[in-house]
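I opened this notebook to record what I looked up, entry by entry.

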Amino acid sequence: MEFQHELIIPDEGMPFKFFLFEGASGNYMREKHWHTSIEIFAVLEGCLSFYLNEEEHPLRAGELIIINSNEIHSIDAPKRNRTVVLQIPLRQFEDYYTAQRFIRFSVGGEGREADPLWNLIKRMYDSYIEKKNGYEFQVRSFFYEALYLLVTVYRENEVQEKEIRHSRHLDTLSKITTYMREHYQEELKLSEVAAVFGYSAEYLSRMFHKYTKVNFKTYLQDIRMAYAYRDLMNTDATISQIAIEHGFSTNRSFTREFQKRYGILPSQARGKRNEENENVKKLP
C-alpha cells in the first residue's frame, strides 16, 4: 500500500487546525495519504480535485468535501485556488462512534454556496483571519455549530461492515500515534510503546514502516518538532525552553533537527516572525 500517514497538530488553544490550503498557487499534487482527523476542504475560489478510492471528486468555488478518518486520499490542484481546510480530531466525535471507533460522514463534493456547512466555514475563516476583539469565542461558536451540522446532517447512520474492517488496521496505528502525541515529551522507546499495546518491538516497527513510510524514531521526532515549531512561532519562550519542553535532549540537538527540516535556524525563523508581526502593526 503506497500511502503515508499525515501528522496533524491542532492550533494553539483551539480544538482544531484551520488554515489555507498549501496548493493555492496551482501546479500542486499531494500523493495518497491518511490521517485520524476528519478533514473538510471548502473552496472559496478556483478549483481542485480529490481522489478517494481512485474516484475523482472535482470541487469548484462554493463547494466542499469531507474526508473521513483513516480515508486514503490524494489531491490534485493544477490551477490557482483559495481553499480553507478545517481538520477536526476524531476525539471530538467520541460520543458518536459506532463499532471499532468508527464514524463516517457524507463525502460531499456537490455543495453550493447555499450549503450551510460551506457558509459556516467561510464565516469561521473570515473571523479567524480578521482577529477582531473576542474573535476566539466567535470562531469556537462556528466550530461547534459545524460539529452539530456534521453529526445531525452529514453523518451516515448505516456503515457497511466492510468499511469498518477496512478502517480497523489504520485505527490500530491511530491509537498508537495518539498515545505518542500524549507522551511525546517523555523519553519514549519503541519497545516500551509496543509493550503498552501488547505488541513486540519488531511488529510495531514493521507497522510504522508499512503504514507511515517512516520509522518510529522519525515519527516521534515529527511530533516533537511540530509542537516545538508551533511554540516557536506563537510564544515568547526561549529556544532552550522550547527544546527541553518538547523532548529534545539539548538546545543543540533541537537546532540541528530544526535546520535540517526547515533550512534555517530557530532564531532566524523567530526573527522572521517578529519582522512580519511588526509589518502588520504598521499597516493603516
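Before reading any partners I noted that two strands pair if DSSP finds at least two bridges between them, and that strands (E, at least two residues) and helices (H or I, at least four) are DSSP runs numbered from the N terminus. I am working on a predicted model, in which local features need pLDDT of at least 70, side-chain atom pairs count only at pLDDT 80 or more, and totals for chains, interfaces and linings use all residues. Residues are numbered from 1 along each chain as its sequence is written, and side-chain values use heavy atoms, with hydrogens and water left out.

**Entry 1, overview.** I counted nine helices and eight strands in the protein. Of its 284 residues, 45% are buried, where buried means under 20% relative accessible area, exposed over 50% and partly exposed in between, with a 1.4 Å probe and protein chains only. I also looked at contacts, meaning heavy atoms within 4.5 Å: among those between residues at least 6 apart in sequence, 74% join residues at least 24 apart.

**Entry 2, strands.** I looked up β6 (residues 64-67), which pairs with β4 (residues 38-52) in the antiparallel sense over four bridges, and found Ile65 in β6 as the bridge partner of Phe41. Which residues of β6 are buried on its two faces? Leu64 and Ile66 are buried on one side, and Ile65 and Ile67 on the other. In a regular strand the side chains alternate between the two faces of the sheet. I then followed β3, which pairs with β1 (residues 4-5) in the parallel sense over two bridges, Gln4 having His33 as its partner. β3 also pairs with β7 (residues 73-77), here in the antiparallel sense over four bridges, and Arg30 stands opposite Ile75.

Ser37 lies in the loop between β3 (28-34) and β4, and I list it as buried because its relative accessibility is 8%. Leaving aside neighbours within four places in sequence, Ser37 has contacts that include Ile67, Asn68, Ile88 and Pro89.

I find 19 residues in α6 (residues 216-234), and from first C-alpha to last the helix reaches 28 Å, close to the 27 Å expected at 1.5 Å a residue, a span taken as 1.5 Å times one less than the number of residues. At the N-terminal end Asn215 caps α6, with a side-chain oxygen 3.3 Å from the backbone nitrogen of Lys217. Among the buried residues of α6 I noted Phe216, Tyr219, Met225 and Ala228.

I placed Val214 in the loop between α5 (201-211) and α6. Is Val214 buried or partly exposed? With a relative accessible area of 23%, Val214 is partly exposed. Beyond its neighbours within four places in sequence, Val214 is in contact with Phe208, His209 and Tyr219. The C-alpha atoms of Val214 and Gln4 are separated by 8.6 Å, although the two residues are 210 apart along the chain.

I found Phe254 in helix α8 (residues 251-262) and record it as buried because its relative accessibility is 0%. Not counting residues up to four places away in sequence, Phe254 touches residues including Met225, Ala228, Ile239 and Pro266.

Key. Polar contact = N/O pair within 3.5 Å; in protein donor to acceptor, adjacent residues only side chain to side chain.
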